[in-house]
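Subject: Structure handover

Hello,

Here is the structure I said I would pass on. My notes follow below it.

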Amino acid sequence: MALKNKVKSVVVTTVWRKNAFLLVSSSSRTFATGYDDNRILKSPSSLVSLDDFPDVWNYSSSTNYSESSTLKLASDHTARVIDGKQVSEEIISNVATEVTRMKKTIGEVPGLGVILVGERKDSLTYVRNKITACEEAGIKFKLTEFSDNCTEDEVCDAIMRFNADPSFHGILVQLPLSQHLNEEKILNVVKLEKDVDGFHPVNMGNLAMRGREPLFVPCTPKGCVELLIRYGVEIMGKKAVVIGRSNIVGLPASLLLQRHHATVTIVTALTPNPEEITRDADILISGVGVPNMVRGSWVKPGAVVVDVGTYPIEDKSCEQGYRLIGDVCYEEASRVASLITPVPGGVGPMTVAMLLYNTLESATRKYNFV
């Protein structure tokens, strides 16, 4: 696909959706000023507003605690499926509406530039999905591809071109990169105001600090929280466990859940007896890419399970020759949890939707478009 040491650019023309529709309102509670049915997302528009609750530590010396009752579920119980595909389609439809309005009003559309290195099957699938979504939303899209043995300078030069081009408001470097490339160095080249993936140290730092507002929140964690809110999941005061601490999923997911006032625990590869910790979680998010690691016995009855992990396994019956499974053993966990995301069709489509939303936000910010 990618030619040796050569760059191939593909420009996708815009396609406009005619019948965009508004999103359904969520019954979940918010810590901002309230919901506006015309908003694209149902999560709070300002993260700073989530910090309005001061930390007040009220401890009682009493040891007379009442033990909470364990939720008993029938053996034939099946968790309600969190349909990320449907929600993402609603969001992309609303993004398309705003893009159309922007074009009619000021003659501009958002632009997304993507860098792809190598021919990983999963990366190719993700990029193909992003191209399709951009077509649906009317967002300008340009893909720059490199072979596996490209140099860091080649990749950085491509990013710099996107940085300098005012018609591109977002830049995405598809991860993971080839091992010989310095991921940190390359991502730092992306201009802060075009970092729609939210991985720039300033964006991550502002996400971590109370009273600060990142320009962009990483797409996958943002999609996870949006799904929780859409499905009426109470976050404030709940125990949340995040399996994994990657910069892409685990770390920003834990920070975002803290912004929503959850009590967050992170499980790493070095955590002893992780199942004992996860069994205490009201909300369980896993994103490590270890297939079927989270068994039904790891899940608290009635918990909400969000599976971010993706792992390709060979399947000749599928068009691509493989299919994706998640970190969570779906068959077991769905008999214990109250809500669960499938793989595929759960978090994956939401990641793409959040990428388009962030790109629209970047263009809106640049043009001061209201």
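The second largest pocket has a lining of 32 residues. Nearest its centre are Ile40, Leu41, Ser45, Tyr357 and Glu361. Please keep in mind that this is a predicted model, and that the values here are computed from it.

The space in the second largest pocket comes to about 790 Å³. By class, its lining is made up of 17 nonpolar, eight polar and seven charged residues.

Three helices each contribute at least two residues to that lining: H1 (84-106), H6 (219-230) and H10 (347-367). Which helix gives the most? That is H10, with six residues.

H10 also packs against another helix, H2, which covers residues 121-137. Two packed helices are described by the angle between their axes and the distance between the axes. For H2 and H10 the angle is about 50 degrees, and the axes lie 10 Å apart.

On the H2 side, the contact is made by Asn129, Lys130, Ala133, Cys134 and Ala137. On the H10 side, Val352, Leu355 and Leu356 take part. Sorted by class, the contact of H2 with H10 has six nonpolar residues, one polar and one charged.

Regards

Methods:
Residues are numbered from 1 along each chain as its sequence is written. This is a predicted model: local features need pLDDT of at least 70, side-chain atom pairs count only at pLDDT 80 or more; totals for chains, interfaces and linings use all residues. Side-chain values use heavy atoms; hydrogens and water are left out. On a 1 Å grid over the protein atoms alone, a cavity is a set of points where a 1.4 Å probe fits but cannot get out, and a pocket is an open set with protein on both sides within 12 Å along at least five of seven lines; lining residues have an atom within 4 Å of a point. Grid points are joined across faces, edges and corners, and a volume is the space filled by probe spheres set on the points. Helices (H or I, at least four residues) and strands (E, at least two) are DSSP runs, numbered from the N terminus. Ala, Val, Leu, Ile, Met, Phe, Trp, Tyr, Cys and Pro count as nonpolar, Asp, Glu, Lys and Arg as charged, and the others, Gly among them, as polar. Axes are lines fitted to C-alpha atoms, for helices over the stretch in contact, and angles run from 0 to 180 degrees between N-to-C directions. Contact means heavy atoms within 4.5 Å.
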